[in-house]
Amino acid sequence: MAKKNAGLTVQREVLDEQMLEDVTQRLDYNDRHPPLIKHIRHLFRCNLLGLKKKVLGCFPVLYWLPRYSIWDYGMPDIVSGISVGIMHLPQGMAYALLASLPPVYGLYTSLYPALVYFFFGTSRHISIGTFTVLSIMVGSVTERLVPDVPEYLFADGNNSTAEYVMARDLSRVQVAAATTVLAGLIQVVLGLVQFGFVGTYLSEPVVRAYTTAAAAHAVVAQLKYLFEVSPTRFSGPLALIYTLVDVCSLLPETHLPTLAVSGVSMLVLIIAKELNAAYRHKLPVPVPVELITIVAATLISSYAELSSYKVPVVGEIPCGLSPPSVPDLNIFGEVIGDAFAIAIVGYAISISLGKTFALKHGYKVDSNQELVALGLSNTVGGFFQCFAVCPSMSRSLVQDSAGGKTQMAGVSSAVIVLVTVLKLGPLFQELPKAVLAVIVIVNLKGMFKQHYDIVTLWRSNKIDLLVWLVTWVSTLLLNLDMGLGASVAFALLTVIFRTQRPTYSVLGHVPGTELYVDMETHRGVREVPGVTIFRSSATVYFANAELYLEALKAKSGLDIGKMITYKRRQEAKQKRREKRIERRARRRAKRHQQSIRAASQRREVFSVEEEASHWKEGRGKIGTAPPLGEEQCWRPRETSTVFVMPDSPGTAAGQCSWVYLKGIDPDSDTQGSTTQDGDDATLDGDDATLDGDTATLDGDTTTLDGDTITLDSCSMERVSLGSLGKWTWDIHSMILDLSTANFIDTVAIKLMRNIVHDFGEIDIDVYVAGCQATVVDELESGGFFSDAITKKCLFATVHDAVLYCQNHKGYTLHPSFEYKMIALLMCCT
């Protein structure tokens, strides 16, 4: 049965846009877009199922917590939570130094935001807390608004210095908290207005290059702790360069005990991390080398009394939790730009990590809810003196590799941090700050490895490589916020540039299918006779409209502008020829009437034979007096070329019939003379060479035969270039494939309308195919359709347009346009 139907030919009706709407009964705009009042009523309509969905969307914990299995998830979450909590301790205190805050506030930042995210987050595996880039961004704000004061300004001893440092730290905490709260509010607002897609504008090359350059900022910021120097604080463009130069100039003043602590700590930490990475497959959980380093450094510093050698230590860490407080609202105006940059960068990192783990474990992350959850974590944390947070790649990987299943692992890590804050904080008072700086620098190893992206992108995509390099350079040379803005702007410019330089192609038919592909890049495709199918790889809009038109001219081989100009010039000349012919005809008719009237007044009767004999005998010649009698000789007319004689005797009323004889005088007007009644043959600025009955103008020959006018003025409304004798072509239809367009603006609509009109001038019909429904609506609202351009010129597919063109122009369909469908039938046994 299947073989019997294998050659079945399936034919269908050709569908244009109007027929497609009639068949599918497309809804009008009001049905598809209800009024605002109906939309509001729909939102507030009481529906228990919809209410439940809204509540679960706002509080995702209510969805998975009732289904939480202690036996399956409890132990893995506790183990991974403890591992991540141990990482929180050194990282929290170290990244607090990046934010220019006391280390204890790093512990607060590792506690509160993780608990808030537990209720509102949709990712199960990311670890919320301190992060390098955000800590640096916060530190740039705090140091700009509350700068350091050189020690030589203090003349009252160490007490005055200690008091100033305490006041400075409290002021910086207020600035960091206000910046964090404002960034959180921005994230919440963006999430509520469904603006979660804003993170997509930070492409992967931008994020990776930005974090790589931010790592350089972090290293330079930690150099003062490694060498115990006090460089000048710079801000604005080239601040990194100025700071690095200042640190290098202060290297002779390096504190040697601090440098020794930094060197030993770095060497130990690097070796321990390399061993940890080498044996990670054999270890159930990674060894907490940072925590071990902190504990060992604290013990050595306490027993060796490194503080007596003027090695800076962490100092007093208060036990217990600080009460919440409202940040200073007056600071919002000064940090709004930094807060927005922190909000966008934090969300971009969060959603990228969340989607990575969601794809790995087979669940979905809501981008808008993630934005709200991160915003609430920052907002609530800001009231508890926390600075900006986002997920950390290292901690999230540890949480996943240690077997964490849900955000209960985040709660477990928060418990570890809480115990440290309440009871174990004072044990780290003797910890050298240089050790924390070393932890920061060593943990940036992964970010510095991202420089290998240059090699990878060079091989894969040069445009992305350019984006990476511009982002890296702008972030290094500018500040972090200005560098981010410049990077995003350049990335968007590359998108605009690529849409301005799309690929234009002429499509050919793939035999046996309804497919049309680029004829330049595919073999075995056939050109559709008489039809040119043109397609752009990008949306046509104001930025590339002119390029679209130029490419259409080049691909079709028709210079529309020159052709229309030539046609109109030839039409104008042709109309001038008609006017000259009409004037000559009127003058000729007038002379004929004058000749008739003159002859009828003389009432002369002539005989051609007799007059011929008179000429032979030489008894008279033109202009002499006639002989006596009834016979008369010929009389010349004024034209000297046209002679009039009656061919029958006249009656008493003077009525007779006349015969006109044409002479051979080359100067006669009826022969195409260049001069008649004083009229110059050069008319309307056109040089006319009239030879006999032939008038030649600009290479176009027109024959004037007696009183016959060979050019019809009524045919001037539609004259093709082929009839004018300069261009010939075999294209009768042009199909514009707009399947790649997802929108169309007014400039592009005007361009399309002009294309239809201009190609129509040279007898080429233009059709549009593959438009999406939104594009059709924009064409309709933009005034594209009219009496001359209807929806019948729009087709659902390119194939429909091709079939219509072939049928409409009377061409026989090629066998390749008959499509076969093999019916696969199930035979019953």
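**Entry 1: ground rules.** I am working with a predicted model, where local features need pLDDT of at least 70, side-chain atom pairs count only at pLDDT 80 or more, and totals for chains, interfaces and linings use all residues. Residues are numbered from 1 along each chain as its sequence is written, and side-chain values use heavy atoms, with hydrogens and water left out. I take helices (H or I, at least four residues) and strands (E, at least two) as DSSP runs, numbered from the N terminus.

**Entry 2: helix 27.** I looked up residues 746–761, which form helix 27 with its 16 residues. From first C-alpha to last it reaches 23 Å, close to the 22 Å expected at 1.5 Å a residue; the expected span is 1.5 Å times one less than the number of residues. I then listed its buried residues: Ala 748, Ile 749, Leu 751, Met 752, Ile 755, Val 756, Phe 759, Gly 760 and Glu 761. Buried means under 20% relative accessible area, exposed over 50%, and partly exposed in between (1.4 Å probe, protein chains only). After helix 27 I found Asp 763, with a positive phi near 65 degrees.

**Entry 3: helices 6 and 17.** The axes of helix 6 (residues 70–98) and helix 17 (residues 408–424) come within 7 Å and cross at roughly 45 degrees. Axes are lines fitted to C-alpha atoms, for helices over the stretch in contact, and angles run from 0 to 180 degrees between N-to-C directions. That angle makes helix 6 oblique to helix 17. Under 35 degrees counts as roughly parallel, over 145 as roughly antiparallel, 65 to 115 as roughly perpendicular, and the rest as oblique. In the contact (heavy atoms within 4.5 Å), I noted residues including Gly 81 and Gly 85 of helix 6 and Ser 412 and Ile 416 of helix 17.

**Entry 4: helices 13 and 18.** Helix 13 (residues 289–304) packs on helix 18 (residues 433–443) at about 160 degrees, with the axes 10 Å apart. The two are therefore roughly antiparallel. Glu 290, Thr 293, Ile 294 and Ala 297 of helix 13 meet Val 435, Leu 436, Ile 439 and Asn 443 of helix 18.

**Entry 5: Thr 790.** I located Thr 790 in the loop between helix 28 (773–781) and strand 15 (794–795).
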